[in-house]
Amino acid sequence: MRSSLSSRVIIAIILIATAVLTILPIVWLIVTAFLQSRAIVAPGIDISFALQNFQSVFDPSADYGRQVLNSLLIVVLGTALCVVVAALAGYSLSQLNWSPRGVLIVLAGLGLLQVVPPMTLVPGIFVLLNTLHLNNTLGALILLDAVFNLPFAVIMAKFYFDSIPVELRESAAIDGASDFGAFRRIMLPLAMPGISAITIFTAIQVWNEFLFGLVFTTGGTSAPLTVGIATLIQPQQIQYGPMAAVGVVTAVPIIVLGIVANRQIVAGLTRGAVKG
Amino acid sequence: MTSRLGVETPPRVSTPRRRHQGGGAFKYLAVLPLIVLILGLIAFPLGAMIWMAFGQVRIVAGQFDYTPIGFGNFERIPADTTFITSLVNSAVFIIATVVITVVLGTILALLTDRMVRGQQLFQNVLILPAIIAPVVISIIWLLLLSPQFGLINKVLSALHLPIQTLLGQKAGAMAAIIGVDVWHWTPIVFLFVYTALRGIDSSIIEAASVDGASAFQTARSVILPLLVPAIAGAAAIRVVMGVKVFDEMYLLTFGGPGDATTVISIYLRSVIFDRFDYGYGAALSLTVLLIMLVVVLLGLGARGLTRRFRSA
């Protein structure tokens, strides 16, 4: 659609202002992380750079190094579990002759689960973890993060497999491939763009997860990084510098991923969710 | 869409052949892990929650000590003013954030679509708040809003203007978390609507402008109606996100001042982990889930009604 020059200029100004309002707070986080603590508490705007915040964060006596490791472990194992289970289930639901009514019931059930606020399930999960002696373990967080991302991942996987013609699986079967063989060697590679979108999206969700880490660990060396940040925000005494530094450590990998894997993330954010 | 249409016709011919081919054990084995995990980690906790809701539950020496008390927990709910407050706070938060993010996101999508270039860059920038951890979003806004050390007050005092103390005031704190949520999640509405907008056949829009419609008229009476499904979908997702919201309040306002920003999840956490009142926490959780079920059913009913109304 064509529009006049003046209206185009106005639109450009609005969008640029929006972009600046979006970026500026993130930039200030990064700037603060590199400020001296004197500069942070100074009444005016004082820009004196130092690395002391990062030094205190990565001091061997601090828990953050361990928490980064915990978060990475949870992301790798939790995402892997979620994606493998979702790919298998999505493939079966999409390609293996389920009745339309059955598929609809499963998808509707999964959709409904996404509506459940995790906090309402916390008392029951607490009982479960106690029974299994999994309280305060990384294993519990890996399981929970995988399961709570499953509904979305399965729905997305199902729709990605829908776009692959059934004939491909059939000809593989004729060529003597087993059901699992056809899935692994033919269908999965074809669905890879979709699977990678699901993987990236799930990994971001798991890395960002806070609630389960907060209530099912005792903090310290058993907690993920997001929970580590929370310990720096005590109501009466906020340690702004280290807080900003840990914030940067948490956010920068995701920002980099956002730039590198932009397309998959947009697909993840928009595609499956409409149907869920 | 086209690909799925393309797939659907041929298999109909081959249905008899497929029946004995794709129905093997693998079909069921492949969904088994999903079923086991969902049953174990969601259905079991749901059942445990219902069981706890009807009892007095304490932890004695690491073991649960359960005394059935019938509806005792539920009878406490009407007198629990903090719970009622948390429901009201959640409702205020959800209505405000859904309306504002949907309106802003839609406007931004419509404006972006009118740009000649730079759309991709704009989208890449706007995606950032939606993927950064909510915990970090809380930090970012604490660094801006903090009364003593926040950037906003540093700028205000440098300009000799009165400083803001939003986080210390009841209405201010609610306004602040609504503002943070709008900053955080307008991008997701934008992405939804913008993706749908780019899927609209451009000839429809061209036809409207050939017919002499102004840009505003085209947007209002041609484009917007086509975007209704995407906007409704985005709104529904935003409502669900609003019910679940926890991290920002926990870190930015801790539910305060007083209970001004105590939303449902914040209150549930304090009942369970500060007061160790597991049975009552379960009863409240069950109540929240039932309220949500009613809302979902009403929403589906309303959708069915409008559809019938339209087709009639």
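**Exercise 1. Which helices do the buried residues of α9(A) pack against?**

Solution. The model is predicted: local features need pLDDT of at least 70, side-chain atom pairs count only at pLDDT 80 or more, and totals for chains, interfaces and linings use all residues. Residues are numbered from 1 along each chain as its sequence is written, chains are lettered from A and ligands numbered from 1 in the order written, and side-chain values use heavy atoms, without hydrogens and water.

Step 1: locate the helix. Helices are DSSP runs of H or I with at least four residues, strands are E runs of at least two, and both are numbered from the N terminus. Helix α9 of chain A covers residues 179–190, 12 residues in all. Its first and last C-alpha atoms are 16 Å apart, close to the 16 Å expected at 1.5 Å a residue; the expected span is 1.5 Å times one less than the number of residues.

Step 2: list the buried residues. Buried means under 20% relative accessible area, exposed over 50%, and partly exposed in between (1.4 Å probe, protein chains only). In α9(A) the buried residues are A:Gly181, A:Ala182, A:Phe183 and A:Met187.

Step 3: find the partners. Within chain A these residues pack against α4 (64–95), α7 and α8 (166–174), and from chain B against α2 (25–53). Contact here means heavy atoms within 4.5 Å.

**Exercise 2. Describe the interface between chain A and chain B.**

Solution. Step 1: count residues. On the chain A side 100 residues are in contact with 95 residues of chain B.

Step 2: take the area. About 8900 Å² is buried between the two chains, and carbon and sulfur atoms give 80% of that. Buried area is the accessible area (1.4 Å probe) that two parts lose on being put together, summed over both.

Step 3: classify the interactions. There are zero salt bridges between chain A and chain B, a salt bridge being a side-chain nitrogen of Lys or Arg within 4 Å of a carboxyl oxygen of Asp or Glu. Polar contacts join 10 residue pairs, both residues at pLDDT 80 or more. A polar contact is a pair of N or O atoms within 3.5 Å; within protein, one must be able to donate a hydrogen and the other to accept it, and residues adjacent in sequence count only if both atoms are side-chain atoms.

Step 4: assign the chain A side. Helix α1 (residues 5–33) of chain A gives the largest share, 16 residues.

**Exercise 3. Is B:Trp183 buried or exposed, and which residues does B:Trp183 touch?**

Solution. Step 1: B:Trp183 is found in helix α9 of chain B. Step 2: with a relative accessible area of 12%, B:Trp183 is buried. Step 3: leaving out residues up to four places away in sequence, B:Trp183 touches A:Leu21, A:Thr22, A:Pro25 and A:Ile26 in chain A, and B:Pro129, B:Ile137 and B:Trp141 in chain B.

**Exercise 4. Where are A:His133 and B:His160 placed, and what is the phi of A:His133 and of B:His160?**

Solution. Step 1: A:His133 is in the loop between α6 (118–132) and α7 (138–162) of chain A, and B:His160 is in the loop between α8 (151–158) and α9 (170–198) of chain B. Step 2: phi is near 55 degrees for A:His133 and near 60 degrees for B:His160. Most residues other than glycine have a negative phi. Step 3: A:His133 is exposed at 67% relative accessible area, and B:His160 is exposed at 74%.
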